[in-house]
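Please consult the sequence and the model alongside the text.

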Amino acid sequence: YRSVDQEKMNHWVDSVFDAMSYDERIGQLFMVIANPKSDNRNMQRLMRYVNEIKIGGILFHKGDPVTQAEVTNRLQKASRIPMLVSLDGEWGLSMRLSGTTRFPKNMMLGAIEDNALIEEYGKEVGRQCREMGIHINFAPDMDVNSNVDNPVIGLRSFGENPEAVSEKGIAYARGLESTGILSVSKHFPGHGDTSEDSHETLPVVRHNRARLDSVELLPFKRYIYDGFAGIMTGHLYVPALDKSHKPASFSKAVVTDLLQKELGFQGLCFTDALAMKGASTKKTDNPSVKALLAGNDILLAPAAPINDFTAVKEAIEEGVLDLEAIEAKCLKILRYKYIAGLNAYKPVETKGLSKRLNSPHAAWMAAKLNSEAITVLKNEDTILPLKQLNKKKIAALSIGDGVGNEFQKMLGEYDSIACFSIGRRSTAAQVQQVYNKLQKYDVIICGVHTIRIPESLALRQLAAKKELVYAFFTLPYACKEYKKSIEKAKAVVLAYEGTPLAQEYAAQVIF
C-alpha cells in the first residue's frame, strides 16, 4: 500500500467508483465460496452471483489447478469489475489444489530457526498464487497454539510461543506480499486457546485483557505494525473484549474499537466464513448485516449470498447501515484491487500451468524446509549420527505403517537393515513375534506413524535393553504417549509429519 503510486491509484479507483451502480458498490463487499468446476450447473450459479449481486471476490474450494484457472478466466470475463480471487492456503496451493507442491504445515515450519527461509517460502507460495490468478492468501495463521487439545488450530499454528509465532508469521507474510499477493492473518483476536471448533459452535476464550495482550494479540499487533494487508476476524466469544455474547467477528468493540481504532489497523478486514456454525445468529438477524455493523469490509462465504445481498440493501434503505460507510468500504476494496494489479487484469495462462507451478525451485524449497525442520530431541552419548556400522546389527520397526515405507527405504540407502512393522490390525501373536525377532539386533530404529497404537510393555523393555532410536512422524504432542520408552531410548527425532520428504530427511538425520 505504501509503495504504490497514490495518485495513479486514486485516479483509477475514482474513475471505476464513479462509473459503478448502487448494486455494484454493495456487491464489492461480497466474496462468495465456489467449487472450481466447469459443469453447467455450477457455472450458472456462479454467473448468477456475478450478474445479480455483482460480487467483488471469490474463494475457491478444493479442485485442480487447470480447472480452477479456466473457471477463474470465465468469471473474470463476465465481471465488469475484475474480482479478487482468494486462496485459503496456509501451507500453499496443495492445501486446496491437487497436483501441486506439498509444503510442510505450520507446526513443522515453527521448528525452522532461519526465518529468512520462511520468507523465501512465502515468496514461492506467492509466485504460485500469481501463476493461478490468485490475489489473496488467507495466511499466515497467527494463532498461538497454547491449548494442546485445540481441535481446529493445532498444526495450523507455528507454535505456542507468541514471539516465535510473530516472527514466523511475519516472515511468511513478507514473502507473500513481496510478490504482490495480499496476506491475511487470522483468526483475530486469537483462536489458539480454545477446546472447541468454530466450524461447529462458538468457542469461548476466557482470558483477561492482560493475558490477551501478551499472548493472543501479540502476533497481530506486530503484523499490524509492519503494515500488512489483511486480517480475518474469528467467530470466537471473548468476554474480556465484549460481554454481549457476540462472536468477535460481529462485535463492534472488537473489530472497530480494538482492531481499527486502538491497534490502528487500516487494511482490509475479512470475516471468517459466514456459513460456519460459530457465526450463526438469531433468525431475525442477518449475519452479513451484523458483520458490516461490527466494522468488517469483506463478507466471506455467506451461506445465502443473494439473501444477504438483499438484506444489506434493505439495512441501508432503513438506515441501519450507513451508505457513506458502505461506500468507504467499497473504495478501500478498489484500492486493494489496484495494489493487487487488477487495474491491468490479464487472464491466467493455462498452457504449461502445471509445469510452471511444479518448478524445480518449488521442489527444492519443499525439501529444504523439511531438512531444516527435523528436530533432534534427545541424543544420548551422541549416538547420532549412527557410527561403526560394521560392528552393529540394525533393525527398523515401523509402528502404524507398512514395511518398505519411505523412511525404511531411505534407511536402507545407508546400511543393510532388517525391516519390521506393527499395524493397527496386527494380532497379539504377530506383535509378540516381531518383538522376539528384534532381540537379535543391537540398534532398533523405531518410526512412529500413528498415536492410535499405544506404547506397550514390550516396547519399554526393548528401549531398556537395546539402543533404541525413535523417529516420530506425528504432532509433537503425541510424544507424551510414549513417555516411558522415550526416557529409556538413546535418541529421539521429531519429524512432525508423515510425508515422504519428512521420512527421507528423518532417516538422513539419523545417519
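## Helix packing and local geometry

Helix H1 (residues 6–18) and helix H13 (residues 323–339) have axes that come within 9 Å and cross at roughly 130°. That angle makes H1 oblique to H13; angles under 35 degrees count as roughly parallel, over 145 as roughly antiparallel, 65 to 115 as roughly perpendicular and the rest as oblique. The structure is a predicted model, in which local features need pLDDT of at least 70, side-chain atom pairs count only at pLDDT 80 or more, and totals for chains, interfaces and linings use all residues. Residues are numbered from 1 along each chain as its sequence is written, and side-chain values use heavy atoms, with hydrogens and water left out.

Helices (H or I, at least four residues) and strands (E, at least two) are DSSP runs numbered from the N terminus. Axes are lines fitted to C-alpha atoms, for helices over the stretch in contact, and angles run from 0 to 180 degrees between N-to-C directions.

The crossing of H1 and H13 is right-handed; this term applies if the near helix is turned clockwise from the far one by less than a right angle, and left-handed applies if anticlockwise. Among the H1 residues in contact (heavy atoms within 4.5 Å) with H13 are Trp-12, Val-13 and Phe-17, and the H13 side includes Leu-331, Leu-334 and Tyr-338. This contact of H1 with H13 comprises 10 nonpolar, 1 polar and 5 charged residues. Here Ala, Val, Leu, Ile, Met, Phe, Trp, Tyr, Cys and Pro count as nonpolar, Asp, Glu, Lys and Arg as charged, and the others, Gly among them, as polar.

Helix H6 (residues 115–131) and helix H15 (residues 360–373) have axes that come within 11 Å and cross at roughly 150°, and H6 and H15 are therefore roughly antiparallel. Their crossing is left-handed. From H6, the residues involved are Leu-117, Glu-120, Tyr-121, Glu-124 and Gln-128, while H15 contributes His-361, Ala-362, Met-365, Lys-368, Leu-369 and Glu-372. By class, the contact of H6 with H15 holds 5 nonpolar, 2 polar and 4 charged residues.

Helix H3 (residues 40–52) packs against H4 at an angle of about 35°, with the axes 10 Å apart, in a right-handed crossing. Met-43, Leu-46, Met-47, Val-50 and Asn-51 of H3 meet Val-71, Arg-74, Leu-75 and Ala-78 of H4. The contact of H3 with H4 divides into 7 nonpolar, 1 polar and 1 charged residues.

Ser-79 sits in the loop between helix H4 (65–78) and strand E3 (84–87). Ser-79 counts as buried because its relative accessibility is 12%; buried means under 20% relative accessible area, exposed over 50%, and partly exposed in between (1.4 Å probe, protein chains only). A polar atom of the Ser-79 side chain lies 2.6 Å from the backbone oxygen of Ile-81.

Ser-94 is in the loop between E3 and helix H5 (106–109). Its C-alpha atom is separated by 28 Å from that of Ala-78, 16 residues away along the chain.

Most residues other than glycine have a negative phi, and most peptide bonds are trans. The table lists departures from these patterns.

| Site | Feature | Value |
|---|---|---|
| Ala-139 to Pro-140 | cis peptide bond | omega near 10° |
| Phe-188 to Pro-189 | cis peptide bond | omega near 5° |
| His-245 | positive phi | about 65° |
| Gln-388 | positive phi | near 45° |

His-245 is exposed, with a relative accessible area of 59%, whereas Gln-388 is partly exposed, at 48%.

Definitions and conventions. A polar contact is a pair of N or O atoms within 3.5 Å; within protein, one must be able to donate a hydrogen and the other to accept it, and residues adjacent in sequence count only if both atoms are side-chain atoms.
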